[in-house]
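Please walk me through this structure, with the cut-offs behind each term spelled out as they come up.

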Amino acid sequence: MRLEKKHEDELEQRRGLAGKTIIQFIWLLISFAIAYFLVNALFAGGYISYKMIYDVGLSRKIPEIAIEIVLMFIVVVAMQFFLFIGYAFANPEGRRRTGDPSLHSRTKDPYDDFGH
């Protein structure tokens, strides 16, 4: 009986993460699309060029597509960082500092009502 209650509580906690996971996945797809167009716009506008990147010290054996992928990855990481910061400000759970004392626990103890 107590194990079933504990299992139900764990499932309830995981259900709350489904929305966050879906939002993160959609944001990741949007980030890749934005990164693709941003990197291509930077190359097309002449703000950066492959010659400039190769002059930094990269080997000419590295294909141009690999350079584009790395630049896209950098943009995606930056955008994911902004999602993380936005979550920390927008969600009350994200704003809660760890270790704050309170009268109520955020996680239910399955043994709390034992014998009542």
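The structure holds 3 aromatic pairs, a pair being two rings of Phe, Tyr or Trp (its six-membered ring) whose centres lie within 6.5 Å, with planes under 30 degrees apart counted as stacked, over 60 as edge-to-face and the rest as tilted. One of them joins Phe43 and Tyr50, which are stacked, with 4.4 Å from centre to centre and 20° between the planes. Both Phe43 and Tyr50 are buried, where buried means under 20% relative accessible area, exposed over 50% and partly exposed in between (1.4 Å probe, protein chains only). This is a predicted model, in which local features need pLDDT of at least 70 and side-chain atom pairs count only at pLDDT 80 or more, while totals for chains, interfaces and linings use all residues. Residues are numbered from 1 along each chain as its sequence is written, and side-chain values use heavy atoms, with hydrogens and water left out.

Phe43 and Tyr50 also belong to the largest nonpolar core, which has 11 residues, including Ala35, Val39, Ile53, Val75, Val76 and Met79; such a core is a set of buried Ala, Val, Leu, Ile, Met, Phe, Trp, Tyr and Cys residues joined through side-chain atoms within 4.5 Å. Two or more residues of this core come from each of helix 1, helix 2 (50–55) and helix 3 (64–90), helices being DSSP runs of H or I with at least four residues, numbered from the N terminus. Helix 3 gives the most to this core, with 5 residues. Val75 touches Ala35 and Leu38, leaving aside residues up to four places away in sequence, and a contact here means heavy atoms within 4.5 Å.

Trp27 counts as partly exposed because its relative accessible area is 26%.

The charged side chains come next. The structure holds 2 salt bridges, each a side-chain nitrogen of Lys or Arg within 4 Å of a carboxyl oxygen of Asp or Glu. In one of them, Lys51 meets Asp55 at 3.1 Å, N to O, and these two residues both lie in helix 2, 4 residues apart, about one turn of the helix. Asp55 also forms a salt bridge with Arg60, with the closest N and O atoms 3.9 Å apart. Through shared partners, the salt bridges join Lys51, Asp55 and Arg60 into one network. Lys51 is classed as exposed because its relative accessibility is 54%, and Arg60 is likewise exposed, at 58%.
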